Amino acid sequence: MTQRLHLVFGGELVDPTKNAFKNVDDIHVVGIFPDYASAYDAWKSEAHRTVDNAHMRYFIAHLHRLRDEEKPASPTEELG
């Protein structure tokens, strides 16, 4: 069975019309969630909490889309 993991993270952007973070050291990692519904709930909570700051953005990254189990490992993965 394939896990469909989702990462919720966010932080302050340099420009609210772009996706570049002002300071990557200050990125808030909310967590990794086992399904989209729970990731969405966490994203929504953080987005509402920071609604007064136009430069704050939270995102959901679909971690399961970054990895294809059928493809051979990359050279970096083989080092571990």
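The model is predicted: local features need pLDDT of at least 70, side-chain atom pairs count only at pLDDT 80 or more, and totals for chains, interfaces and linings use all residues. Residues are numbered from 1 along each chain as its sequence is written, and side-chain values use heavy atoms, with hydrogens and water left out.

The protein chain contains two helices and three strands. Helices (H or I, at least four residues) and strands (E, at least two) are DSSP runs, numbered from the N terminus. Along the sequence the pattern is β-β-α-β-α. Of the 80 residues in the chain, 22% are buried. Buried means under 20% relative accessible area, exposed means over 50%, and partly exposed lies in between (1.4 Å probe, protein chains only). The accessible surface of the chain comes to about 6200 Å². Carbon and sulfur atoms hold 54% of that surface. Areas were computed by the Shrake-Rupley method with a 1.4 Å probe; for residues, only the protein chains shown count as cover.

The three strands form an open sheet in the order β2-β1-β3, with antiparallel pairing. Strands β2 (28-33) and β3 (56-62) are the edges, and each pairs on one side only. Neighbouring strands are turned by 15 degrees against each other on average, direction ignored. Two strands pair if DSSP finds at least two bridges between them. Strand β1 (residues 6-12) pairs with β2 over five bridges. In this pairing, I32 of β2 is the bridge partner of L7, and V29 of β2 stands opposite F9. Strands β1 and β3 pair over seven bridges, also in the antiparallel sense. Here E12 stands opposite M56 of β3. Six of the seven residues of β1 are buried, so this strand is largely enclosed by the rest of the structure.

Helix α1 (residues 36-49) packs on the sheet and touches β1, β2 and β3. The direction of α1 makes about 170 degrees with that of β3. Axes are lines fitted to C-alpha atoms, for helices over the stretch in contact, and angles run from 0 to 180 degrees between N-to-C directions.

Residue H6 lies in strand β1. With a relative accessibility of 3%, H6 is buried. A polar atom of the H6 side chain lies 2.8 Å from the backbone oxygen of R4. Beyond its neighbours within four places in sequence, H6 is in contact with several residues, including G31, I32, F33, Y36, A39, I60 and H62.

Five aromatic pairs occur in the structure. Rings of Phe, Tyr and Trp (its six-membered ring) pair if their centres lie within 6.5 Å; planes under 30 degrees apart count as stacked, over 60 as edge-to-face and the rest as tilted. F21 and F59 form an edge-to-face pair, 6.0 Å centre to centre, with 80 degrees between the planes. F21 sits in the loop between β1 and β2 and F59 in strand β3, so the pair ties together parts that are 38 residues apart in sequence. F21 is buried, at 19% relative accessible area, whereas F59 is partly exposed at 23%. Ring pairs also link F9 with F21 and F59 into a cluster.

Note on methods:
Contact = heavy atoms within 4.5 Å. Polar contact = N/O pair within 3.5 Å; in protein donor to acceptor, adjacent residues only side chain to side chain.
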